[in-house]
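Me: I am new to this structure and would like to go through it step by step. Please show it to me first, and then let us talk about what surrounds what.

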Amino acid sequence: MILGVIFDLDGVLVSTDELHFKAWKILAEELGIDTFTKEDNKKQKGVSRMESLEVVLGKGSKIYTQVEKEEFAERKNNYYKELLEKLDEQAILPGAIECLKMIKSKGLLIGVGSVSRNAPLILERTGLLSHIDKVSCGLDITRSKPDPEVFEVAANKLGLKNEDCLVVEDSMAGIAAAKAVHMKTLGVGPEHAQLRADYAAPGLAADIDWIGILGDNY
């Protein structure tokens, strides 16, 4: 029985993809890499900051130390946080607020499971934080998706068993992570049909079979 819904953040509730791309692009050009494209940016979807950095560095030929890589990752994050200062409710994806209100009206708990350390800031800047019961983010974990840690932490914070949670994700890594710990999955976004989720929809504004997904709790 589904007692709580855990949402990935970027690409599910909000869209900050363009901000991430801009921040990585700035860093890439500082490192002399002028071939970083939006196609490369897609490879960074759903993975950790350090894994995303390797995508950027893979476009160049230089070898860097771990200390240098950590400095690069922090530099990118600072660029991203500067861009986030202009973030507001316009970044909320269609259907997100209506979906959160519907789930809350059914008496279900709502969590966010995001590998981003900026998740609390994004939720606050967009006004979504008031709709969320618990947040599990990059500040709480040491392993990134497809490791299920971020969702396990979210379920634990909500006081729920893994099998009583539904995870809403837009990446294959996220769906794999949720399934690894026996959580039900709803895949959304442009690639929803390829995510191998239990349920799929183009987005939260779509005609989703919530009765079929939530069962008696709907």
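Me: Which residues is tryptophan 210 in contact with, leaving aside its neighbours within four places in sequence?
Reply: This is a predicted model, in which local features need pLDDT of at least 70 and side-chain atom pairs count only at pLDDT 80 or more, while totals for chains, interfaces and linings use all residues. Residues are numbered from 1 along each chain as its sequence is written, and side-chain values use heavy atoms, with hydrogens and water left out. Taking contact to mean heavy atoms within 4.5 Å, tryptophan 210 is in contact with Cys99, Met102, Ile103, Leu166, Leu186, Gly215 and Tyr218.

Me: What do the buried residues of α8 pack against?
Reply: Helix α8 covers residues 172-180, and its buried residues are Ala173, Gly174, Ile175, Ala177 and Ala178. Just after α8, histidine 182 takes a positive phi of about 65 degrees. The buried residues of α8 pack against α7, β4 and β5.

Me: How many disulfides are there by this rule?
Reply: A disulfide is a pair of cysteine sulfur atoms within 2.5 Å. Cysteine 137, which is buried with a relative accessible area of 2%, has its nearest cysteine sulfur, that of cysteine 165, 17 Å away. Cysteine 165 is buried as well, with a relative accessible area of 0%, and its sulfur is 15 Å from the closest cysteine sulfur, in cysteine 99, which is too far for a bond. By this rule the count of disulfides is zero.

Me: How are α3 and α4 placed relative to each other, roughly parallel or roughly perpendicular?
Reply: Axes are lines fitted to C-alpha atoms, for helices over the stretch in contact, and angles run from 0 to 180 degrees between N-to-C directions. The two helices pack at an angle of about 100 degrees, with their axes 10 Å apart. Angles under 35 degrees count as roughly parallel, over 145 as roughly antiparallel, 65 to 115 as roughly perpendicular and the rest as oblique, and α3 and α4 are therefore roughly perpendicular.

Me: Is valine 115 buried, partly exposed or exposed?
Reply: Valine 115 is found in the loop between β2 and α6. Not counting residues up to four places away in sequence, valine 115 touches Val47, Gly138, Ile141, Ser144, Lys145 and Val150. The relative accessible area of valine 115 is 22%, so this residue is partly exposed.

Me: Which residues does lysine 25 touch, not counting residues up to four places away in sequence?
Reply: The place of lysine 25 is in helix α1. Its C-alpha atom is separated by 22 Å from that of aspartate 88, 63 residues apart along the chain. With residues up to four places away in sequence not counted, lysine 25 touches Asp34 and Phe36.

How values were computed:
Buried means under 20% relative accessible area, exposed over 50%, partly exposed in between (1.4 Å probe, protein chains only). Helices (H or I, at least four residues) and strands (E, at least two) are DSSP runs, numbered from the N terminus.
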